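Dear colleague,

Please find below the structure that I am handing over to you. My notes on what was found in it follow directly after.

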Amino acid sequence: MESGFIELKLDCSEETRNGPAAGEVVFANNAIAAGRHIHLRSGSKAEQELSINCDLLRQCSLGDGADVSFLVGGHKFHAHRAVLAAGSPAFRDLFFGPAAAAASMDGIRVEGVKPETFRFLLRYMYAGALPGDHDEIGGAPTAEMLRNLVAAADAYGMERLKLACAQKLWDYVSAETVAATLGFAMAHDCPELKKKCMDFLTKEENLCRAALSEGYVQLMQSFPSVLDELRARLCSGLQSSDYKDFCSLF
């Protein structure tokens, strides 16, 4: 390991394919760094809170007053330890626990997180913004982006962000993807997302289509307990002979 760096390893997902160029200093929010603003009703409480958050985020983007930096996949992010510690128990332990002395050095190397995902984590901690909330701070999120954020939020102990992204992830569920989404929900302890997936699978048409997907086979191999839950919920509501035959395979 290079001198002056510590490593912060997390078990998240694969590298973003279309992230910033390697070595680029990444702004936490390019729109706010450029001085653009999100307009709300003048004088409203939301406007005042957003103004404060945008000021903080602009400081993060420009590095003003930053007292910690992160290297994520070759990209450098500046931040403020107090803000990060307030938003994540993992950062609180890092900055104010036994590792505090090492963490004060310039450049914490983060492994297992995409640069784009880390940028959204910072943006959420500084401004409470989610992907797709406003045109000024990103377009519609992809399912991959949301999965990455759920995984990272789970690793950093950011429960509100994890729940919000898991709720958005449900919008992408179909018969072809529900099994993979259910496995993901179980792996990252997302009970509400899991319940929605289970409810979806208890419908005859959905289950028959989902059972043909690759994700369904992987789900049953990785989480065999799902089989017992499905069997218990299905056997009381059989509707057709074909469905009975299918259920007998459980």
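**Overview**

Of the 250 residues in the chain, 42% are buried, where buried means under 20% relative accessible area, exposed means over 50%, and partly exposed lies in between (1.4 Å probe, protein chains only). The model is predicted: local features need pLDDT of at least 70 and side-chain atom pairs count only at pLDDT 80 or more, while totals for chains, interfaces and linings use all residues. Residues are numbered from 1 along each chain as its sequence is written, and side-chain values use heavy atoms, with hydrogens and water left out.

The secondary structure comes to 14 helices and 4 strands; these are DSSP runs numbered from the N terminus, with helices (H or I) of at least four residues and strands (E) of at least two. Among contacts in the chain with a separation of 6 or more, 67% are between residues 24 or more positions apart, a contact being heavy atoms within 4.5 Å.

**The nonpolar core**

The largest nonpolar core has 57 residues. Such a core is a set of buried Ala, Val, Leu, Ile, Met, Phe, Trp, Tyr and Cys residues joined through side-chain atoms within 4.5 Å. The members that touch the most others are Phe70, Leu84, Phe91, Phe95 and Phe118. Leaving aside neighbours within four places in sequence, Leu84 is in contact with Phe70, Ala79, Phe91, Phe95, Leu122, Met125 and Tyr126.

Serine 88 is found in the loop between α3 (81-87) and α4 (89-96). Its relative accessibility is 0%, so serine 88 counts as buried. With neighbours within four places in sequence again set aside, serine 88 is in contact with Met125, Tyr156 and Met158.

Helix α9 is largely enclosed by the rest of the structure, because 7 of its 10 residues are buried. These are Val178, Ala179, Thr181, Leu182, Gly183, Phe184 and Ala185. The cover over the buried residues of α9 includes α7 (143-156), α8 (159-169), α10 (191-201), α11 (204-210), α12 and α13 (225-234).

One of the buried residues, phenylalanine 184, has a relative accessibility of 14%. Beyond four places in sequence, phenylalanine 184 is in contact with Arg147, Val150, Ala151 and Leu169. Phenylalanine 184 and lysine 194 are 10 residues apart in sequence, and their C-alpha atoms are 8.6 Å apart in space.

Aspartate 189 lies in the loop between α9 and α10 and takes a positive phi of about 55 degrees. Most residues other than glycine have a negative phi. At 56% relative accessibility, aspartate 189 counts as exposed.

**Helix packing**

Two packed helices are described by the angle between their axes and the distance between the axes. The axes here are lines fitted to C-alpha atoms, for helices over the stretch in contact, and angles run from 0 to 180 degrees between N-to-C directions. Angles under 35 degrees count as roughly parallel, over 145 as roughly antiparallel, 65 to 115 as roughly perpendicular and the rest as oblique. A crossing is left-handed if the near helix is turned anticlockwise from the far one by less than a right angle, and right-handed if clockwise.

- Helices α9 (residues 178-187) and α12 (residues 214-222) pack at an angle of about 30 degrees, with axes 7 Å apart, and are therefore roughly parallel. The contact involves Ala179, Ala180, Leu182 and Gly183 of α9 with Gly215, Tyr216 and Leu219 of α12. By class, there are 5 nonpolar, 2 polar and no charged residues. For this classification, Ala, Val, Leu, Ile, Met, Phe, Trp, Tyr, Cys and Pro count as nonpolar, Asp, Glu, Lys and Arg as charged, and the others, Gly among them, as polar.
- The axes of α7 and α8 come within 8 Å and cross at roughly 155 degrees, which makes α7 roughly antiparallel to α8. The crossing of α7 past α8 is left-handed. The contact has 9 nonpolar, no polar and 4 charged residues.
- Helix α6 (residues 115-127) packs with α7 at an angle of about 65 degrees, their axes being 10 Å apart, and passes α7 in a right-handed crossing. On the α6 side the contact is made by Thr117, Phe118, Phe120 and Leu121.

Yours sincerely
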